Amino acid sequence: MQPTADLIVAERFRLVRMLGRGGMGSVWLAQHMGLDIPCAVKFIEGEYAAMPEAQARFGREAKAAAALRSPHVVQILDHGVWQGTPYLAMELMEGEDLGKRLTKLGRMQPRDLCTIVTQISRALTKAHGAGIVHRDLKPDNIYLVKDDDREIAKVLDFGIAKQSNQSLEGGATKTGAMLGTPYYMSPEQAQGIKAVAHRSDLWSLAVIVFQALTGKLPFESEALGDLLVRIIVAPIPVPSEVAPGLPLTFDRWWAKAANRDPNLRYQSAKELADGLSLVFDQSQLTDVT
């Protein structure tokens, strides 16, 4: 099935126009014919559509996100397989993802970032409390939604999330524990360790914070293998040396958040977010340029 404008999917969604395309498929603006509201419909297309693991991925994304019921997790309306193509219907959001915001700004002001991180931590707290590990947290999966005179951060794409009390086996994924975006992978995920727990998400969130405040990623390479090695064994960069002007208290926050031993990191998303807010206390905030 090839999505096109005016196509009616699963007798419920009339496609209007494509909103974007990625490596595995496309996202469309659609009209929910039963509820008479606009929504977004995401498809897996091409060779991926027929893969059982791709269909399972969509099913996991829908069930994981729908079960969380948080204002900081995208609302899932429906999911299924229609004419051989997996689809996922979700709320339509107006705004932009954090990746685009960082591309425009280069670096964020601490007060704005702390607000976003606090909201992301609420979503992760819900997920981790339900035994769900996101496994692919990155700026592109954080959407900043317009809500009257403010923005709300929502976490997207629980498609490679898994229940932490389940083993990763069988056809769940061809790449196993290596699924995820390499730049934001925790050391344990980069090593392909199957028992990746919730503290892997906290490493990913810490990398996002580092990038947002310094304008650079902590580990970079054009070669995947070299990048993974750097994440696993290269010296941990010091933020204030990468971006002079950042306080030494942030260096200490980062050293704990990016500890390669999960037991020595922050142990919850709330603890991580609260620690960051303490670093950039409102009474001490100054613009970082």
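**Trp 28**

I started with Trp 28: buried or exposed? Trp 28 is buried, with a relative accessible area of 7%; buried means under 20% relative accessible area, exposed over 50%, and partly exposed in between, using a 1.4 Å probe and protein chains only. I found Trp 28 in strand β3, residues 25–32. Helices (H or I, at least four residues) and strands (E, at least two) are DSSP runs, numbered from the N terminus.

Next I listed what Trp 28 touches, leaving aside its neighbours within four places in sequence; among them are Pro 3, Leu 15, Met 18, Cys 39, Val 41 and Phe 43. Contact means heavy atoms within 4.5 Å. Met 18 and Trp 28 are ten residues apart in sequence, and their C-alpha atoms are 4.2 Å apart in space.

**What I am looking at**

This is a predicted model, in which local features need pLDDT of at least 70 and side-chain atom pairs count only at pLDDT 80 or more, while totals for chains, interfaces and linings use all residues. Residues are numbered from 1 along each chain as its sequence is written, and side-chain values use heavy atoms, with hydrogens and water left out.

I noted nine helices and eleven strands in the protein chain. Of its 289 residues, 52% are buried. I also looked at contacts with a separation of 6 or more: residues 24 or more positions apart account for 61% of them.

**The six-stranded sheet**

In what order do the strands of the open sheet of six come? I read β1-β2-β3-β4-β6-β5, with antiparallel pairing. Two strands pair if DSSP finds at least two bridges between them. The edges are β1 (8–9) and β5 (76–82), each with a single partner strand, so one side of each has no neighbour in the sheet.

I then followed β6, residues 85–91. Six bridges join β6 to β5, and the two run antiparallel. His 79 has Leu 88 as its bridge partner in β6, and Asp 78 has Ala 89. Strand β4 (residues 37–44) is joined to β6 by five bridges, also in an antiparallel run; here Phe 43 is the bridge partner of Tyr 87. How many of the residues of β6 are buried? Seven of its seven are, so I wrote down "mostly covered".

**Turns, loops and positive phi**

A reminder to myself: most residues other than glycine have a negative phi. I went looking for positive values.

- β5 and β6 form a hairpin with two residues between them, and Gln 83 in the turn has a positive phi of about 50°.
- β9 and β10 form a hairpin with two residues between them too, where Asp 148 in the turn has a positive phi of about 55°.
- Glu 11 has a positive phi near 60°; Glu 11 sits in the loop between β1 and β2 (13–21) and is exposed, at 73% relative accessible area.
- Asp 36 has a positive phi near 55°; Asp 36 sits in the loop between β3 and β4 and counts as exposed at 58% relative accessibility.

Six bridges join β9 (residues 142–147) to β10 (residues 150–155), which run antiparallel, and Tyr 143 has Lys 154 as its bridge partner in β10.

**Helices around α9**

How do α8 and α9 pack? Helix α8 (residues 248–257) and helix α9 (residues 269–279) pack at an angle of about 165°, with their axes 9 Å apart. Axes are lines fitted to C-alpha atoms, for helices over the stretch in contact, and angles run from 0 to 180 degrees between N-to-C directions. Angles over 145 degrees count as roughly antiparallel, under 35 as roughly parallel, 65 to 115 as roughly perpendicular and the rest as oblique, so α8 and α9 are roughly antiparallel. Residues that meet include Phe 250 and Trp 253 in α8, and Leu 272 and Leu 276 in α9.

I looked at helix α3 (residues 110–129) as well: its axis and that of α9 come within 8 Å and cross at roughly 170°. That pair is also roughly antiparallel. Among the residues that meet there are Cys 114 and Val 117 in α3, and Leu 272 and Ala 273 in α9.

**Cysteines**

Cys 39 is buried at 0% relative accessible area, and Cys 114 is buried at 7%.
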